[in-house]
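This report describes selected features of a protein structure. The sequence and the model are shown first.

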Amino acid sequence: MRQKTVFVFLLWLMISPALVNLFAQDNEEMPLIDYTSPRKYEIAEITIKGADNYEDFVLVGFSGLAVGDVINVPGDEVTSAVKRFWKQGLFADVKIYSTKTEEDKIWLEIALTERPRVSEINYHGLKKGEIEDLELKLSIVKGNQITPNISDRAKKVIAKYMEDKGFMNVEVGVLQRNDPAKAGHVIVDVEVDKKLKNRVQQIVVTGNNALTFNQINKVMKKTNDRNWRNFFRTKKFVNEEFEKDKIALIDKYNEIGYRDAYIVSDSVAKFDEKSVIVYLTVDEGRKYYFRNIKWIGNTIYPYDFLDAVLNIKKGDVYNYKHLMERLQTDETDAVSKLYQDRGYLFSQIEPVEVLVENDSIDFEMRIYEGKPATINEINITGNTRVYEHVVRRELRTKPGQLYSQSDIMRSLRELAQMGHFDQEKLRPDIQPNPEDGTVDITYELETKGSDQVEFSAGWGSTGIVGSIGLKFSNFAIQNLFRPDTYRIVPQGEGQTFSLNARTNGQSYSSVSMSFLEPWLGGKRPNSLSAAIYYSSQSTISDRYLNNIQSSYGQYGYGGYGSYGGYGGYGYDSGYGSSYGNSYNSSYYDSEMDPDKYMRTAGASLGYGKRLSWPDDFFTFYGELSYQLFMLKGWYRSMFPITEGMFNNLSLNLTLSRNSIDNPIYTRRGSSFSLGLKVTPPYSSFNGKDYASGTLTEQEKYKWIEYHKWTFSGKMFTPLTSNDKALVLMTRAMFSYLGHYNENAKSPFETFYMGGDGMSAYTSYGTDYVAMRGYESGSLTPVNALTGSYTGYLYNKFTMELRFPLSLEQSATIYALAFLEAGNSFASIKKYNPFDLKRSAGVGVRIFLPMFGMMGIDWAYGFDKGYDGRQGGSQFHFVLGQEL
């Protein structure tokens with residue numbers, strides 16, 4: 001009772017000045033009021049003074065007083081009005097005066113002093129990013145008033161923000177100073193002294209037996225002491241991360257069966273000015289095991305089948321996280337996915353602990369299957385690039401079908417493979433309608449440019465080779481005579497049309513054109529492809545070659561191979577390469593002999609079909625191709641053939657399976673292909689005696705014959721589960737060029753191994769195989785008779801670790817580290833699968849929608865090539881090719 005009396009007395013002391021001011025102005029004519037005898041008055045008028053930034057009627061209404069009200073003077077009505085204004089916090093002073101009384105009427109004046117407004121805010125001791133974060137959280141705004149509450153709250157918010165960043169000793173001040181340029185305004189200075197960032201000196205854990213300290217340290221990813229094991233991990237103490245680490249620690253205990261584990265206490269003690277000691281006390285409880293698991297409510301799948309899919313057996317260590325993964329979240333074979341793939345979108349599975357006895361737990365899996373959901377509507381948003389039917393034909397979900405989660409995921413994959421949409425932002429919006437048992441699906445797309453323009457230049461011994469390429473991936477040959485569909489070329493049907501041209505002005509030029517229709521006829525994913533191409537290369541004159549040989553001896557010819565199509569290192573030391581590069585390119589061009597050339601013309605026509613067995617990831621592709629090689633005066637050191645016209649008519653058959661999820665930054669899936677390229681066995685029926693040795697090159701190879709076998713396999717395994725997944729790519733490649741007749745072995749279609757594999761400037765049938773860490777062609781056997789590089793078999797193995805740096809639509813960038821091994825051989829008799837040349841290195845890839853895939857690798861080759869030189873340190877550039 002005494003406390004209440006004191007409180008009322010203090011309140012009266014606070015309010016009494018306002019009551020005194022009610023009738024106590026300096027004006028001598030102010031009416032006098034007898035405070036010992038309260039009297040009732042009717043309010044005749046209310047005026048506002050000193051609040052120019054507010055409307056008078058708003059403030060009068062806020063006071064709770066109104067003209068015509070009858071109030072006691074002195075009395076509670078005036079006191080309540082004063083309290084309302086103080087509570088708002090917008091005014092530094094509040095007074096209510098009586099300016100006039102007449103009989104039982106009273107005239108009131110509310111005198112207010114506004115708090116200052118903020119004209120400018122200055123932050124001191126904070127970084128730009130920190131200021132931007134805090135501005136969203138603070139209530140200090142230019143033009144608004146600042147109150148003591150706002151200042152105090154700002155200090156607390158800033159202190160908490162900095163503590164979460166590891167600055168435990170931060171000091172914050174919010175200071176105000178009058179703005180000399182604007183009356184009634186203040187400049188606010190936010191002063192932050194971060195002090196030293198706190199680091200974890202030591203973590204002390206007590207009560208742990210099931211987990212060792214090192215295991216606990218590993219689980220707590222962001223709260224780490226100065227143990228050597230944490231050399232590459234942060235040592236900062238951030239309270240927010242510490243709270244997450246405590247949750248992660250309990251989750252870890254739950255994963256190993258300690259269902260009741262909890263943190264008894266935790267504390268953070270100051271070690272010195274820049275470090276702290278973290279104390280944790282845990283109670284592990286007892287270890288539990290799964291015992292009996294019973295299924296209730298299942299009619300679609302029998303108990304034994306569900307048990308097999310769940311794959312949790314009696315006696316297994318209790319792990320609730322693993323249980324929920326097997327029931328709900330595993331992408332490939334969770335129990336709930338079985339139901340959703342059968343249309344049971346509304347099904348639910350609830351695991352219930354029905355008995356805990358000693359260290360064993362019995363579960364009931366209570367299933368509500370519901371009714372199958374039928375797809376009602378399929379909507380597509382965000383597509384501004386291709387015709388809608390081009391998108392819809394890729395979808396595995398159709399109106400009227402039963403809902404299937406697998407069909408949705410497959411549809412997203414097919415949309416990603418199209419290349420017209422941002423693969424990282426493909427999302428299905430699934431809207432169930434339980435009332436009628438249907439579901440609406442919206443595929444939310446974000447269009448990206450997929451046409452590509454290539455402008456590039458390369459420098460070699462013959463000077464600059466420039467290239468230009470155009471790739472239109474949304475071509476529409478059906479709209480060829482509809483000018484309104486043109487955006488440079490007719491577009492809309494998702495076809496691919498490419499044009500490429502390369503030249504160095506004098507000795508080399510090539511042109512090519514290709515077309516691909518991925519859905520021939522528009523009803524089935526059967527592809528039709530066609531291509532034509534022509535290239536021409538000239539070589540140096542006899543006079544120039546004789547000058548080189550007379551100056552440097554018979555070292556052989558090199559240097560010209562810098563374009564990837566001529567040769568390489570010479571027979572011995574490769575001096576020709578150094579000599580050739582020392583010449584001025586214009587002089588080199590003048591020594592080109594147009595009567596010594598190698599020209600290639602070719603065309604191909606292919607047809608592909610998606611298979612349904614063994615599954616619909618398989619495709620079969622057949623291609624008929626023809627090449628005409630025209631050589632005149634060609635040097636044998638560059639190629640085994642020097643003169644003549646040679647025909648290559650072949651059939652290429654390829655069986656492949658591709659299940660990768662994303663063609664640019666692949667996280668999971670695989671890609672395998674097995675190919676066979678064959679020509680007719682002309683030597684078996686043309687009547688020529690190939691063993692006689694009397695046939696000229698023109699007679700022997702007029703129609704080239706061979707059979708070529710190729711295998712390639714890649715697998716992608718995500719090592720982390722987030723979108724920016726660390727991915728392991730493994731690859732194996734093998735190819736063999738065989739013959740029907742030992743005396744008619746083809747000099748064409750051979751392998752040229754080593755370097756970056758860029759074959760952009762070649763004009764004859766040679767496969768360029770990349771092998772990082774080695775010079776171009778250095779892993780290719782040299783033909784003892786001709787001195788040219790000729791490989792008839794190769795194998796190659798790669799392990800590559802990839803990590804994404806950016807997955808934005810504008811640019812996909814990822815870093816990589818790799819191990820590689822491979823080699824090529826002159827014949828299958830000389831093949832040794834264990835004779836591998838090894839290399840390792842790092843690199844980066846960047847995919848720009850306009851230019852395609854580019855990158856650079858550094859690799860170190862550990863072994864010697866066929867030229868006798870060790871691979872050593874090498875840089876390799878990527879311009880569209882796969883290394």
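## Basis of the description

The structure is a predicted model. Residue numbers start from 1 along each chain as its sequence is written.

## Packing of α2 and α3

Helix α2 spans residues 56–63 and helix α3 spans residues 76–88. Their axes are 8 Å apart, and the two helices pack at an angle of about 115°. The arrangement of α2 and α3 is therefore classed as roughly perpendicular.

On the α2 side, the contact involves Leu59, Phe62 and Ser63. Their counterparts in α3 are Ala81, Arg84, Phe85 and Gln88. Sorted by class, the contact of α2 with α3 comprises four nonpolar, two polar and one charged residue.

## Packing of α4 and α5

The crossing of α4 past α5 is right-handed.

Helix α4 contributes Glu130, Asp133 and Leu134 to this contact, while α5 contributes Val157, Ile158, Tyr161 and Met162. Five residues in the contact of α4 with α5 are nonpolar and two are charged, with no polar residues.

Strand β10 (residues 275–283) pairs with strand β8 (residues 199–206) in the parallel sense, through seven bridges. Within this pairing, Val205 is placed opposite Leu280 of β10.

Strand β10 also pairs with β9 (residues 262–272), here antiparallel and over nine bridges. Asp272 stands opposite Ser275 in β10.

Three strands form an open sheet in the order β14-β16-β15, and the pairing is mixed. The edge positions belong to β14 (374–381) and β15 (427–433); each has a single partner strand, so one side of each lacks a neighbour in the sheet. From one strand to the next, the twist averages 20°.

Strand β15 and strand β16 (residues 438–444) run antiparallel and are joined by seven bridges. Gln431 faces Asp440 of β16 across this pairing. Helix α12 (residues 405–418) packs on the sheet, where it touches β15 and β16. The direction of α12 makes about 20° with that of β16.

## Two buried loop residues

Ser404 is located in the loop between α11 (388–392) and α12. Its relative accessibility is 8%, so Ser404 counts as buried, the cut-off being under 20%. When residues up to four places away in sequence are not counted, Ser404 touches Gln340 and Asp341.

Asn526 occupies the loop between β22 (508–517) and β23 (527–540). With a relative accessible area of 9%, Asn526 is buried as well. Leaving aside neighbours within four places in sequence, Asn526 is in contact with Glu517, Pro518, Trp519 and Leu520, and also with Tyr607, Gly608, Lys609 and Arg610. The C-alpha atoms of Asn526 and Thr619 are separated by 9.2 Å, although these two residues are 93 residues apart along the chain.

Notes. This is a predicted model: local features need pLDDT of at least 70, side-chain atom pairs count only at pLDDT 80 or more; totals for chains, interfaces and linings use all residues. Side-chain values use heavy atoms; hydrogens and water are left out. A crossing is left-handed if the near helix is turned anticlockwise from the far one by less than a right angle, and right-handed if clockwise. Helices (H or I, at least four residues) and strands (E, at least two) are DSSP runs, numbered from the N terminus. Contact means heavy atoms within 4.5 Å. Ala, Val, Leu, Ile, Met, Phe, Trp, Tyr, Cys and Pro count as nonpolar, Asp, Glu, Lys and Arg as charged, and the others, Gly among them, as polar. Two strands pair if DSSP finds at least two bridges between them. Axes are lines fitted to C-alpha atoms, for helices over the stretch in contact, and angles run from 0 to 180 degrees between N-to-C directions. Angles under 35 degrees count as roughly parallel, over 145 as roughly antiparallel, 65 to 115 as roughly perpendicular and the rest as oblique. Buried means under 20% relative accessible area, exposed over 50%, partly exposed in between (1.4 Å probe, protein chains only).
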